[in-house]
Amino acid sequence: ITKSLRFRASGSTYMSRTPGSASGRQTFTLSLGLKRGALGTNQAVFSATSDGTQSNEFLVYFATNDTLRIQQTVGGTSAGQIDCTTNAVFRDPSAHLHLQLAIDTTQGTSGNRLFLYINGTAQTFSTYSVGASINTWVNNNNAHAFGKRADASLYGDFYISRACMVSGSQLTPSSFGYLNTEINEWVTNSASAVKAVVDAGGTNSFMLEFEDGTSLTTLGNDYSAKNNDWTLTNHS
């Protein structure tokens, strides 16, 4: 992956999109490369909200202790929704991680409803709660963002590369890359192979490569066949 987009908390940078229709709210996979720029602060990686508040929000974020948390609130509470916190902490700003969140709330077994993979390895959780057959705010026709939460707080400080959404499918890491055992490093699949995976997804799927630096508008272009472009704010 040759390009990435830099998010700076000090500059309130974020990227946003509002889907035109709901598709894949219960089942989806989010995949992205991420390299941290600052540690020890709350930083939103990805969010979706129905009303621009924390009361009705889906949020993936780094906490002040550098764990990753995935939460959904409805009516101001996460009870019966989603509340997951990793055992692992992520404190290496030199590491470029592959982060993959794969959700299917229709799964009968609770432990199969949410998987978080870092470099292809399934993470364990100190807190894990995912309600059965709930609809997330993700892939609904409401505001989505990378780099900030719903109420314009928790701005992120990191690089993001090849950000993908596959709506309608809970995928395993092999859809996006593999662990090269000779060098013990995660290696991404080719852009064309990942595009084929995204193109096979539902209406709200996308693949952001950040390759066309002609303008801030072209940097948010969707490289998949879905044409779900994103809008950059406060980037340069």
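**Pocket, cores and selected residues in a predicted model**

T29 sits in strand β3, where strands (E, at least two residues) and helices (H or I, at least four) are DSSP runs numbered from the N terminus. The structure is a predicted model, in which local features need pLDDT of at least 70 and side-chain atom pairs count only at pLDDT 80 or more, while totals for chains, interfaces and linings use all residues. Residues are numbered from 1 along each chain as its sequence is written, and side-chain values use heavy atoms, with hydrogens and water left out.

With a relative accessibility of 0%, T29 counts as buried; the classes are buried under 20% relative accessible area, exposed over 50% and partly exposed in between, for a 1.4 Å probe and protein chains only. The T29 side chain reaches the backbone nitrogen of L171 at 2.8 Å. This is a polar contact, that is, a pair of N or O atoms within 3.5 Å; within protein, one must be able to donate a hydrogen and the other to accept it, and residues adjacent in sequence count only if both atoms are side-chain atoms. Neighbours within four places in sequence aside, T29 is also in contact (heavy atoms within 4.5 Å) with residues including Q100, L101, A102, C164 and F176.

Two of these partners lead on to the packing of the interior. In soluble globular proteins, nonpolar side chains tend to be buried together. A nonpolar core is here a set of buried Ala, Val, Leu, Ile, Met, Phe, Trp, Tyr and Cys residues joined through side-chain atoms within 4.5 Å. The largest such core holds 41 residues, and F46, F58, I70 and F146 have the most contacts inside it. A second, separate core has seven residues, among them C164, L171, F176 and M207. Beyond four places in sequence, F146 touches F7, Y14, M15, L30, V45, F46, I160, A163, F206 and W230.

The search ran on a 1 Å grid over the protein atoms alone, and a pocket is an open set of points with protein on both sides within 12 Å along at least five of seven lines, its lining residues having an atom within 4 Å of a point. The lining comprises 21 residues, with H96, L97, H98, W186 and T188 nearest the pocket centre. Strands β3 (27-36), β8 (96-104), β13 (158-167) and β15 (185-188) each give two or more residues to this lining, and β15 provides the largest share, four residues. By class, nine lining residues are nonpolar, nine polar and three charged; Ala, Val, Leu, Ile, Met, Phe, Trp, Tyr, Cys and Pro count as nonpolar, Asp, Glu, Lys and Arg as charged, and the others, Gly among them, as polar.

In the segment after β17 (231-233) lies H235, which is buried at 10% relative accessible area. A polar atom of the H235 side chain lies 3.4 Å from the backbone oxygen of R6. N234, in the segment after β17, has a positive phi near 70 degrees although not a glycine. S12, in the loop between β1 (5-7) and β2 (14-17), likewise has a positive phi, near 50 degrees, and is partly exposed at 24% relative accessibility.

Notes
On a 1 Å grid over the protein atoms alone, a cavity is a set of points where a 1.4 Å probe fits but cannot get out, and a pocket is an open set with protein on both sides within 12 Å along at least five of seven lines; lining residues have an atom within 4 Å of a point.
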